[in-house]
Amino acid sequence: MAIIPPPHASTPATAFERLLTIMDDLRLNCPWDKKQTLESLRHLTIEEVYELSDSILSADMPEIKKELGDIMLHLVFYARIASETNDFNIADVLNGICEKLINRHPHIYSDVEVNDENDVKRNWEQIKLKEGNKSVLGGVPASLPALVKASRIQEKARGVGFDWEEKSQVWAKVEEEMQEFRNEFNAEDESTIDHERAEGEFGDLLFSLINYARFININPEDALEKTNRKFIKRFQYLESKAAENGKKLHDMSLNEMDIFWNEAKKI
(Lines give C-alpha, C1' and ligand atoms only; values in the text may rest on other atoms or scores of the structure.)
Protein backbone atom coordinates (compact mmCIF):
# COMPACT_ATOMS: atom_id res chain seq x y z
CA MET A 1 0.00 0.00 0.00
CA ALA A 2 1.34 3.40 -0.95
CA ILE A 3 2.16 5.84 1.83
CA ILE A 4 0.38 9.19 1.69
CA PRO A 5 3.12 11.88 1.57
CA PRO A 6 2.92 14.81 4.00
CA PRO A 7 1.36 17.91 2.43
CA HIS A 8 3.23 20.96 1.17
CA ALA A 9 4.29 23.15 4.08
CA SER A 10 3.93 26.93 4.39
CA THR A 11 6.38 27.71 7.21
CA PRO A 12 10.04 26.83 7.82
CA ALA A 13 9.18 24.73 10.85
CA THR A 14 6.50 22.68 9.13
CA ALA A 15 8.65 22.31 6.00
CA PHE A 16 11.46 20.91 8.12
CA GLU A 17 9.02 18.57 9.86
CA ARG A 18 7.80 17.44 6.42
CA LEU A 19 11.36 16.53 5.44
CA LEU A 20 11.86 14.59 8.68
CA THR A 21 8.64 12.65 8.07
CA ILE A 22 9.69 11.78 4.52
CA MET A 23 13.13 10.73 5.77
CA ASP A 24 11.47 8.38 8.27
CA ASP A 25 9.30 6.91 5.52
CA LEU A 26 12.29 6.33 3.24
CA ARG A 27 14.46 4.82 5.94
CA LEU A 28 11.74 2.34 6.87
CA ASN A 29 10.46 1.44 3.42
CA CYS A 30 12.97 2.15 0.64
CA PRO A 31 15.50 -0.66 -0.05
CA TRP A 32 18.25 1.81 -1.00
CA ASP A 33 17.71 4.21 1.88
CA LYS A 34 17.53 1.33 4.37
CA LYS A 35 21.02 0.17 3.37
CA GLN A 36 22.82 3.49 3.77
CA THR A 37 25.35 4.15 6.52
CA LEU A 38 27.31 7.20 7.62
CA GLU A 39 30.24 5.89 5.61
CA SER A 40 28.28 5.13 2.44
CA LEU A 41 26.81 8.64 2.38
CA ARG A 42 30.12 10.43 2.96
CA HIS A 43 31.39 10.56 -0.63
CA LEU A 44 27.91 11.49 -1.88
CA THR A 45 27.79 14.42 0.54
CA ILE A 46 31.18 15.66 -0.65
CA GLU A 47 29.88 15.52 -4.22
CA GLU A 48 26.78 17.50 -3.27
CA VAL A 49 28.88 20.22 -1.62
CA TYR A 50 30.96 20.57 -4.78
CA GLU A 51 27.78 20.81 -6.84
CA LEU A 52 26.58 23.61 -4.55
CA SER A 53 29.93 25.32 -5.04
CA ASP A 54 29.55 25.10 -8.82
CA SER A 55 26.08 26.61 -8.71
CA ILE A 56 27.26 29.47 -6.49
CA LEU A 57 30.11 30.30 -8.87
CA SER A 58 27.60 30.22 -11.73
CA ALA A 59 25.25 32.53 -9.78
CA ASP A 60 22.44 30.08 -10.63
CA MET A 61 19.89 30.73 -7.88
CA PRO A 62 17.43 27.94 -8.84
CA GLU A 63 20.32 25.48 -8.85
CA ILE A 64 21.62 26.80 -5.51
CA LYS A 65 18.18 26.19 -4.01
CA LYS A 66 18.15 22.64 -5.34
CA GLU A 67 21.64 21.86 -4.10
CA LEU A 68 20.87 23.27 -0.66
CA GLY A 69 17.94 20.88 -0.51
CA ASP A 70 20.17 17.95 -1.43
CA ILE A 71 22.62 18.85 1.32
CA MET A 72 19.80 19.34 3.81
CA LEU A 73 18.59 15.85 2.99
CA HIS A 74 22.04 14.44 3.74
CA LEU A 75 22.21 16.22 7.09
CA VAL A 76 18.82 14.86 8.09
CA PHE A 77 19.87 11.40 6.84
CA TYR A 78 22.98 11.35 9.05
CA ALA A 79 20.97 12.38 12.09
CA ARG A 80 18.32 9.73 11.38
CA ILE A 81 20.98 7.00 11.18
CA ALA A 82 22.57 8.16 14.44
CA SER A 83 19.19 8.21 16.18
CA GLU A 84 18.78 4.49 15.44
CA THR A 85 21.79 3.74 17.65
CA ASN A 86 20.77 6.34 20.25
CA ASP A 87 23.93 8.37 19.65
CA PHE A 88 22.09 11.59 18.82
CA ASN A 89 19.08 12.86 16.88
CA ILE A 90 18.29 15.91 14.78
CA ALA A 91 17.16 17.90 17.84
CA ASP A 92 20.53 17.25 19.48
CA VAL A 93 22.29 18.45 16.31
CA LEU A 94 20.24 21.66 16.10
CA ASN A 95 20.49 22.44 19.80
CA GLY A 96 24.21 21.78 19.67
CA ILE A 97 24.84 24.32 16.95
CA CYS A 98 22.53 26.82 18.68
CA GLU A 99 24.53 26.51 21.92
CA LYS A 100 27.80 26.90 20.03
CA LEU A 101 26.60 30.05 18.28
CA ILE A 102 25.33 31.57 21.54
CA ASN A 103 28.60 30.78 23.31
CA ARG A 104 30.80 32.11 20.50
CA HIS A 105 28.88 35.37 20.08
CA PRO A 106 29.20 36.97 23.52
CA HIS A 107 28.99 40.38 21.81
CA ILE A 108 25.40 39.46 20.91
CA TYR A 109 24.27 37.31 23.85
CA SER A 110 26.41 38.82 26.61
CA ASP A 111 28.16 42.08 27.47
CA VAL A 112 31.35 41.68 25.43
CA GLU A 113 32.03 44.65 23.14
CA VAL A 114 33.62 44.45 19.67
CA ASN A 115 34.64 47.11 17.18
CA ASP A 116 34.71 45.13 13.95
CA GLU A 117 34.74 41.69 12.37
CA ASN A 118 38.41 41.17 13.29
CA ASP A 119 37.50 41.44 16.97
CA VAL A 120 34.78 38.85 16.40
CA LYS A 121 37.25 36.44 14.76
CA ARG A 122 39.78 36.88 17.57
CA ASN A 123 37.12 36.22 20.20
CA TRP A 124 35.96 33.16 18.26
CA GLU A 125 39.44 31.59 18.27
CA GLN A 126 40.02 32.40 21.94
CA ILE A 127 36.70 30.85 22.90
CA LYS A 128 37.54 27.70 20.92
CA LEU A 129 40.78 27.34 22.88
CA LYS A 130 38.85 27.69 26.14
CA GLU A 131 36.48 24.95 24.92
CA GLY A 132 39.39 22.51 24.80
CA ASN A 133 41.08 22.97 21.42
CA LYS A 134 44.80 22.45 21.95
CA SER A 135 45.80 24.50 18.91
CA VAL A 136 44.31 27.38 16.98
CA LEU A 137 45.00 25.30 13.87
CA GLY A 138 43.39 22.17 15.30
CA GLY A 139 40.06 22.92 13.64
CA VAL A 140 41.47 22.87 10.10
CA PRO A 141 40.42 19.53 8.55
CA ALA A 142 43.41 17.45 7.44
CA SER A 143 41.61 16.35 4.27
CA LEU A 144 40.92 19.87 2.94
CA PRO A 145 42.37 20.58 -0.50
CA ALA A 146 45.78 22.19 -0.02
CA LEU A 147 44.84 25.61 -1.42
CA VAL A 148 41.75 25.90 0.79
CA LYS A 149 43.72 24.57 3.77
CA ALA A 150 46.39 27.24 3.31
CA SER A 151 43.71 29.95 3.37
CA ARG A 152 42.13 28.57 6.53
CA ILE A 153 45.50 28.19 8.29
CA GLN A 154 46.34 31.81 7.55
CA GLU A 155 42.92 33.07 8.64
CA LYS A 156 43.15 31.21 11.94
CA ALA A 157 46.68 32.46 12.63
CA ARG A 158 45.49 35.99 11.93
CA GLY A 159 42.67 35.47 14.42
CA VAL A 160 45.19 35.37 17.29
CA GLY A 161 47.33 38.23 15.95
CA PHE A 162 50.00 36.23 14.09
CA ASP A 163 50.02 38.17 10.83
CA TRP A 164 51.79 40.78 8.75
CA GLU A 165 50.93 44.40 9.45
CA GLU A 166 51.01 45.75 5.88
CA LYS A 167 50.27 44.19 2.51
CA SER A 168 53.57 45.60 1.22
CA GLN A 169 55.34 43.26 3.64
CA VAL A 170 53.38 40.32 2.25
CA TRP A 171 54.25 41.25 -1.33
CA ALA A 172 57.92 41.52 -0.38
CA LYS A 173 57.63 37.96 0.92
CA VAL A 174 56.09 36.86 -2.40
CA GLU A 175 59.04 38.34 -4.28
CA GLU A 176 61.49 36.74 -1.87
CA GLU A 177 59.88 33.31 -2.34
CA MET A 178 59.80 33.79 -6.13
CA GLN A 179 63.54 34.46 -6.16
CA GLU A 180 64.24 31.45 -3.93
CA PHE A 181 62.20 29.24 -6.25
CA ARG A 182 64.01 30.58 -9.31
CA ASN A 183 67.35 29.92 -7.63
CA GLU A 184 66.36 26.29 -7.09
CA PHE A 185 64.78 25.65 -10.47
CA ASN A 186 66.60 27.89 -12.93
CA ALA A 187 69.64 25.73 -13.62
CA GLU A 188 70.33 25.12 -17.31
CA ASP A 189 71.26 21.50 -16.64
CA GLU A 190 68.04 19.93 -15.30
CA SER A 191 69.96 16.93 -13.95
CA THR A 192 71.55 19.22 -11.33
CA ILE A 193 68.20 20.47 -10.01
CA ASP A 194 67.21 19.29 -6.54
CA HIS A 195 63.52 18.64 -7.27
CA GLU A 196 62.62 18.12 -3.64
CA ARG A 197 64.05 21.52 -2.65
CA ALA A 198 62.44 23.14 -5.72
CA GLU A 199 59.09 21.63 -4.76
CA GLY A 200 59.46 23.02 -1.26
CA GLU A 201 60.25 26.50 -2.59
CA PHE A 202 57.30 26.34 -4.97
CA GLY A 203 55.03 25.46 -2.05
CA ASP A 204 56.39 28.44 -0.12
CA LEU A 205 55.69 30.67 -3.13
CA LEU A 206 52.10 29.47 -3.42
CA PHE A 207 51.56 29.93 0.32
CA SER A 208 52.83 33.51 0.15
CA LEU A 209 50.61 34.29 -2.87
CA ILE A 210 47.58 32.92 -1.03
CA ASN A 211 48.53 35.11 1.92
CA TYR A 212 48.70 38.20 -0.30
CA ALA A 213 45.32 37.35 -1.82
CA ARG A 214 43.88 37.32 1.68
CA PHE A 215 45.30 40.79 2.35
CA ILE A 216 43.55 42.22 -0.70
CA ASN A 217 40.29 40.37 -0.02
CA ILE A 218 40.54 37.87 -2.87
CA ASN A 219 39.46 34.30 -2.23
CA PRO A 220 42.22 32.30 -3.95
CA GLU A 221 40.06 29.22 -4.41
CA ASP A 222 37.35 31.23 -6.16
CA ALA A 223 39.91 33.12 -8.22
CA LEU A 224 41.61 29.94 -9.44
CA GLU A 225 38.31 28.22 -10.20
CA LYS A 226 37.15 31.20 -12.26
CA THR A 227 40.40 31.05 -14.19
CA ASN A 228 39.87 27.30 -14.71
CA ARG A 229 36.41 27.98 -16.12
CA LYS A 230 37.73 30.76 -18.34
CA PHE A 231 40.43 28.46 -19.71
CA ILE A 232 37.92 25.66 -20.34
CA LYS A 233 35.58 28.03 -22.21
CA ARG A 234 38.37 29.37 -24.40
CA PHE A 235 39.87 25.95 -25.06
CA GLN A 236 36.51 24.52 -26.05
CA TYR A 237 36.08 27.47 -28.46
CA LEU A 238 39.47 26.57 -29.93
CA GLU A 239 38.36 22.95 -30.34
CA SER A 240 35.09 23.93 -32.00
CA LYS A 241 36.75 26.37 -34.44
CA ALA A 242 39.37 23.79 -35.35
CA ALA A 243 36.61 21.27 -36.06
CA GLU A 244 34.74 23.83 -38.20
CA ASN A 245 37.87 24.16 -40.30
CA GLY A 246 38.29 20.40 -40.60
CA LYS A 247 41.37 20.30 -38.41
CA LYS A 248 42.48 18.40 -35.33
CA LEU A 249 44.41 20.16 -32.59
CA HIS A 250 47.35 17.75 -32.59
CA ASP A 251 47.86 18.47 -36.31
CA MET A 252 47.87 22.26 -35.86
CA SER A 253 50.84 24.46 -35.07
CA LEU A 254 50.84 26.59 -31.93
CA ASN A 255 50.58 29.72 -34.08
CA GLU A 256 47.46 28.35 -35.77
CA MET A 257 45.88 27.54 -32.42
CA ASP A 258 46.79 30.99 -31.09
CA ILE A 259 44.61 32.61 -33.75
CA PHE A 260 41.49 30.90 -32.39
CA TRP A 261 42.66 31.36 -28.79
CA ASN A 262 42.94 35.11 -29.27
CA GLU A 263 39.46 35.12 -30.82
CA ALA A 264 38.15 33.33 -27.75
CA LYS A 265 39.68 35.95 -25.46
CA LYS A 266 37.56 38.64 -27.14
CA ILE A 267 34.28 36.84 -26.54
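This is a predicted model: local features need pLDDT of at least 70, side-chain atom pairs count only at pLDDT 80 or more; totals for chains, interfaces and linings use all residues.
## How two helices are compared

Axes are lines fitted to C-alpha atoms, for helices over the stretch in contact, and the angles between their N-to-C directions run from 0 to 180 degrees.

## Helices α3 and α4

In this model, the axes of α3 and of helix α4, which covers residues 61-84, come within 9 Å and cross at roughly 160°. Because angles over 145 degrees count as roughly antiparallel, this crossing makes α3 roughly antiparallel to α4. The crossing of α3 and α4 is left-handed.

On the side of α3, the residues that meet α4 include Leu38, Leu41, Leu44, Val49, Leu52 and Ile56, while among those that α4 brings to the contact are Ile64, Leu68, Ile71, Phe77, Tyr78 and Ile81. Taken by class, the residues of the contact of α3 with α4 divide into 12 nonpolar, three polar and six charged.

## The largest pocket

The largest pocket has a volume of about 990 Å³ and is lined by 30 residues, of which Val148, Ser151, Arg152, Asn219 and Glu221 lie nearest its centre. By class, the lining of this pocket holds 10 nonpolar, eight polar and 12 charged residues.

Helices that each supply at least two residues of this lining are α3 (38-57), α7 (117-130), α8 (146-159) and α11 (220-244). The largest share of the lining, seven residues, comes from α3, the helix that also meets α4 in the contact described above.

Conventions. Residues are numbered from 1 along each chain as its sequence is written. Side-chain values use heavy atoms; hydrogens and water are left out. On a 1 Å grid over the protein atoms alone, a cavity is a set of points where a 1.4 Å probe fits but cannot get out, and a pocket is an open set with protein on both sides within 12 Å along at least five of seven lines; lining residues have an atom within 4 Å of a point. Grid points are joined across faces, edges and corners, and a volume is the space filled by probe spheres set on the points. Helices (H or I, at least four residues) and strands (E, at least two) are DSSP runs, numbered from the N terminus. Ala, Val, Leu, Ile, Met, Phe, Trp, Tyr, Cys and Pro count as nonpolar, Asp, Glu, Lys and Arg as charged, and the others, Gly among them, as polar. Angles under 35 degrees count as roughly parallel, over 145 as roughly antiparallel, 65 to 115 as roughly perpendicular and the rest as oblique. A crossing is left-handed if the near helix is turned anticlockwise from the far one by less than a right angle, and right-handed if clockwise. Contact means heavy atoms within 4.5 Å.
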